[in-house]
Amino acid sequence: MGTVTSFNLDANLTPAGGIATMFAELSAKFWEQPHIPAEQIELCRLALAVMHKATAEQAERHPAAKALSPAKADAVLGERWRGSDLFSPGEKALLNFTEYYFMDPQSIPDEVAAEVVGHYQEKGLVCLVEALGFIDSRIRLALIYSTLTA
Amino acid sequence: MGLIARVSAPKQQTGNIIRDSAMGLVPETVDEYAVLNKSLWTNDHIRPAIVEMVRLRNARTVNCVFCKSVRYDVAKADGLSEDKVDNIADGFEDSSLTDVEKTALAFTDAYLFDPKGVTPELKARLKATFNEAEIATLAVALATFNASSRCAVSLGGMPESLPVMEISVPE
């Protein structure tokens, strides 16, 4: 098998049986929920891919986020989002939270979490941390399986 | 660490620790989350005691106080003792844990600390110890535990410490 990304990871997990199916189905739910648009979840996925230095992951685009502008994706991939006026304050709040989340969830300042709640309500913050958890975990497993299947 | 909870728990309590947590605020995913969590303990490939060791190694690394304090009764019934739990610390490779247990923890550490850096030695060790279904089961369990514990820490309200408590897997 070639390089594994979060997009083709599930084929590797299939031998686990039912839990692999459940894991795949739950992972897909975060792209359909009503609290944070899929395009904004995609910005967070790309940011995680950059921080993991997951090159193949960065080249992918999630089909649920077709409306995401290439300029925004490029700004996240180029780590230029913070100073860019392409992004809404809400999108910047999500990306800022994502960076702290990646480094260490213990390091997330209260005001950074409050900013997300201010834009997306409490449900949005819960949805974000759940989505980041599954996206981050899928990128980690993809990186491991890229080596295991090489 | 955020000592004050950043979100409220759902008003309606069900007796299920997952549905009654802040995760209950997202009804689109909470049921699937609860079912997946339960199913990890009844998988066909990895014993509950090993699953619990992987969960606790993750909890320790993420520093999820809730997760660290819990012991699942199915794991204890499967032979997980507090002596074994004490060995899930840094330096576990030199402990009295079995080779299977050490390899499961080495896989956990690769995931947590350097997923791009799986060495040829670890790859060979994994393949010599576990078959494909077992590795995949460890992978799904670890990914789910890691997502859950990072979620708990991210939402704040974590106490500084908690006593060890034995619980059943939530239905």
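This is a predicted model: local features need pLDDT of at least 70, side-chain atom pairs count only at pLDDT 80 or more; totals for chains, interfaces and linings use all residues.

Residues are numbered from 1 along each chain as its sequence is written, chains are lettered from A and ligands numbered from 1 in the order in which they are written, and side-chain values use heavy atoms, with hydrogens and water left out.

**Fold and dimensions of chain B**

- Chain B contains eight helices and two strands, where helices (H or I, at least four residues) and strands (E, at least two) are DSSP runs numbered from the N terminus.
- Along the sequence, the elements of chain B come in the order α-α-α-β-α-α-α-α-α-β.
- The radius of gyration of chain B is 16 Å, close to the 16 Å that the globule rule gives for 171 residues, so chain B is as compact as a globular protein of that length; the radius is taken over C-alpha atoms, and the rule is 2.2 Å times the number of residues to the power 0.38.
- Taken along the principal axes, the box filled by the C-alpha atoms of chain B is roughly 50 × 35 × 30 Å.

**Packing and surface of chain B**

- Of the 171 residues in chain B, 53% count as buried, meaning under 20% relative accessible area, with exposed meaning over 50% and partly exposed in between (1.4 Å probe, protein chains only).
- Among the contacts in chain B with a separation of 6 or more, 68% come from residues 24 or more positions apart, a contact being heavy atoms within 4.5 Å.
- Chain B exposes about 7,400 Å², of which carbon and sulfur atoms supply 53%, with areas computed by the Shrake-Rupley method with a 1.4 Å probe.

**Cysteines**

- A disulfide is a covalent bond between the sulfur atoms of two cysteines.
- Counted as a pair of cysteine sulfur atoms within 2.5 Å, there is one disulfide over all chains.
- This disulfide joins B:C64 to B:C67, with 2.3 Å from S to S, and the link is right-handed, with 65 degrees about the S-S bond.
- Both B:C64 and B:C67 are buried.
- The sulfur of A:C127 lies 10 Å from the closest cysteine sulfur, that of B:C151, which is too far for a bond; A:C127 is itself buried, at a relative accessible area of 0%.
- B:C151 is in no disulfide, the nearest cysteine sulfur being that of B:C64 at 9.4 Å, and B:C151 counts as buried at 2% relative accessibility.
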